[in-house]
Amino acid sequence: MNYDVVIAGASIAGCTAAAIYGQAGLRVALLERNPSMSSYKGLCGHFILGGARATLERLRLWERLLDEGAATTERLAVWSPAGWIVPRCGDAPTAISIRRRKLDPILREMAASRPGVDLLMGHTVTGVLQEGGVVVGLGVTTRTGKRVEVLGRLVVGADGHHSTVSRLAGVPEAAAPNRRFLYWAYYRGVKMRGPGDGQVWLLDPDVAVCDSTDEGLTQLGVFPSKARLGEFAEDRVTAFERFVAALPDGPSLERAERVSKVIGTTDYPCVRRHPVPRPRLALIGDAATASDPVPAVGCGWAFRSAEWLADATTPALAGDGSLDTGLRRYRRAHRLIERYDSLGRKDARALRPNPIQRAIWTASVHDAELARRMAMFGMRAAAPSVLLNPRTVARALSGAALHRRRYAFAGRPDTRGADSPRNALMEDPPQTRR
């Protein structure tokens, strides 16, 4: 079987790439080892950051997901020891959330409906075919046990964190530890008490999130440091709900019903691979970069990296230009993910926030422009320099110093205790790991 593009993995990244290639008139083999169209990824927070909205709209998915009950988040508020940072409406593109049990079948239906796309379910990749060091296709076992070779001018690994294509091609990976673990659960009837239409808590070093998803459900997620593994090992549900109950202005579960198990993992290392590791082989989504899950970047990067690859290489595959040039263009675009991933790897160490982080959080509570920049950064709607640039950092340091002076001038005792947001702000803790 000969195609223009052979893609391993019919999930977010693979289906997105297949749909764009197919729409451009190319022949695409989209391989998925699971035989069921309704299969889905279970370990995924499925919060699609606003930076991916343009891609979803291009795919005609945004309205489709809303029709399927997806929930949107326009103002994601962030709690820090300095107080709530609340963006204004329109400060950043809107995020969207729908569970993977709904999303994945929709994506496969979308890809399969594009002209030229063959969605081959139950096809397991068993080999990477090369000629003279150039990748030319994949060896595959079908659901009936038949061994076939699927050849293509471009081979794409979209097969996730533990990418089989990468392993078979001998692609090296750079792994970094994650010193937090994660659990989440779905509830019905949650009352949000924080500002905005979704919340994040930066608790130093723990993190928590609360956002709405499809069918009127609320997803609660906790990311404690591994120092707390013991309490979750004893009774996961009790520890989870105790954690949520302790959140400042946290959601009320008093009249809520938990409608799922408490799902998660105790270890999720960060993994990065070169996005173009071999001639005519490209990696997208988690196969290229599986980042720290705390900032919820995985789904958005999967959509966007697939779009970047397809846009960069379609002209050459359609007969106009060099495929190698297109792959270099994709590699340059992918550096945006790598810049954010480098920051995420540092945060995954669960260290105390540094002085610049504390200054940005403090000043953003009172400075609408800094809050806007934090929202753009958080939604991955711009390069990291939207927030981390000399002028913005200087503004944050000045704003934080002014806030401290005003509080010191007021001279009022803080009756809320040493761990209160105000007192935490006044302290300058050493940069050591807890």
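1. **Ground rules.** This is a predicted model, where local features need pLDDT of at least 70 and side-chain atom pairs count only at pLDDT 80 or more, while totals for chains, interfaces and linings use all residues. Residues are numbered from 1 along each chain as its sequence is written, and side-chain values use heavy atoms, with hydrogens and water left out.

2. **Salt bridges overall.** The structure holds 27 salt bridges. The term stands for a side-chain nitrogen of Lys or Arg within 4 Å of a carboxyl oxygen of Asp or Glu. Side chains of opposite charge can pair when their charged atoms come close. One network of salt bridges links Arg99, Lys102, Asp214 and Glu215.

3. **Arginine 272 and aspartate 341.** These side chains form a salt bridge, at 2.7 Å from N to O. The pair links distant parts of the chain, 69 residues apart: arginine 272 is in strand S19 and aspartate 341 in helix H9. Helices (H or I, at least four residues) and strands (E, at least two) are DSSP runs, numbered from the N terminus. Aspartate 341 is buried, at 1% relative accessibility. Arginine 272 is partly exposed, with a relative accessible area of 21%. The cut-offs: buried is under 20% relative accessible area, exposed is over 50%, and partly exposed is in between (1.4 Å probe, protein chains only).

4. **Lysine 226 and aspartate 267.** Here too a salt bridge joins the side chains, at 2.7 Å from N to O. Lysine 226 sits in the loop between strand S16 (218-223) and helix H6 (229-234), and aspartate 267 in the loop between strand S18 (263-265) and strand S19 (270-272), so the pair ties together parts that are 41 residues apart in sequence. Lysine 226 is partly exposed at 28% relative accessibility. Aspartate 267 is partly exposed as well, with a relative accessible area of 43%.

5. **Arginine 88 and aspartate 91.** The closest N and O atoms of this salt bridge are 3.3 Å apart. Aspartate 91 is buried, with a relative accessible area of 7%. Arginine 88 counts as partly exposed, at 44% relative accessibility.

6. **A positive patch.** Arg328, Arg329, Arg332, Arg335 and Arg339 gather on the surface in a patch of positive charge. Patches are made of residues with over 30% relative accessible area and no salt bridge; like charges are joined within 9 Å, and nonpolar side chains (Val, Leu, Ile, Met, Phe, Trp, Tyr) within 5 Å. The accessible areas come from the Shrake-Rupley method with a 1.4 Å probe, and for residues only the protein chains shown count as cover. The place of a charge is taken as NZ of Lys, CZ of Arg, CG of Asp or CD of Glu. Arginine 339 lies in helix H9 (residues 323-347). Its relative accessibility is 45%, so arginine 339 counts as partly exposed.

7. **Arginine 380.** Arginine 380 lies in the loop between helix H11 (368-378) and helix H12 (390-410). Leaving aside residues up to four places away in sequence, arginine 380 touches Leu49, Gly51, Pro295, Val297, Trp301, Arg304 and Tyr340. Contact means heavy atoms within 4.5 Å.

8. **Helix H12.** Threonine 392 is found in this helix. Threonine 392 is buried, at 5% relative accessibility. Beyond residues up to four places away in sequence, threonine 392 touches Leu370, Arg373, Val386 and Leu387. Glycine 399 is in helix H12 too. Glycine 399 is partly exposed, with a relative accessible area of 25%.

9. **Backbone: a cis bond.** Aspartate 204 and proline 205 are joined by a cis peptide bond, with omega about 5°. Proline 205 is in the loop between strand S14 (198-202) and strand S15 (207-212).

10. **Backbone: positive phi.** Aspartate 249 is not a glycine, yet has a positive phi of about 55°. Aspartate 249 lies in the loop between helix H7 (236-245) and strand S17 (257-258), and is partly exposed at 43% relative accessibility. Alanine 350 is not a glycine either, and has a positive phi of about 60°. Alanine 350 lies in the loop between H9 and helix H10 (355-366). Buried or exposed? Alanine 350 is buried, with a relative accessible area of 4%.

How values were computed. Lys and Arg count as positive and Asp and Glu as negative; His and the chain ends are not counted.
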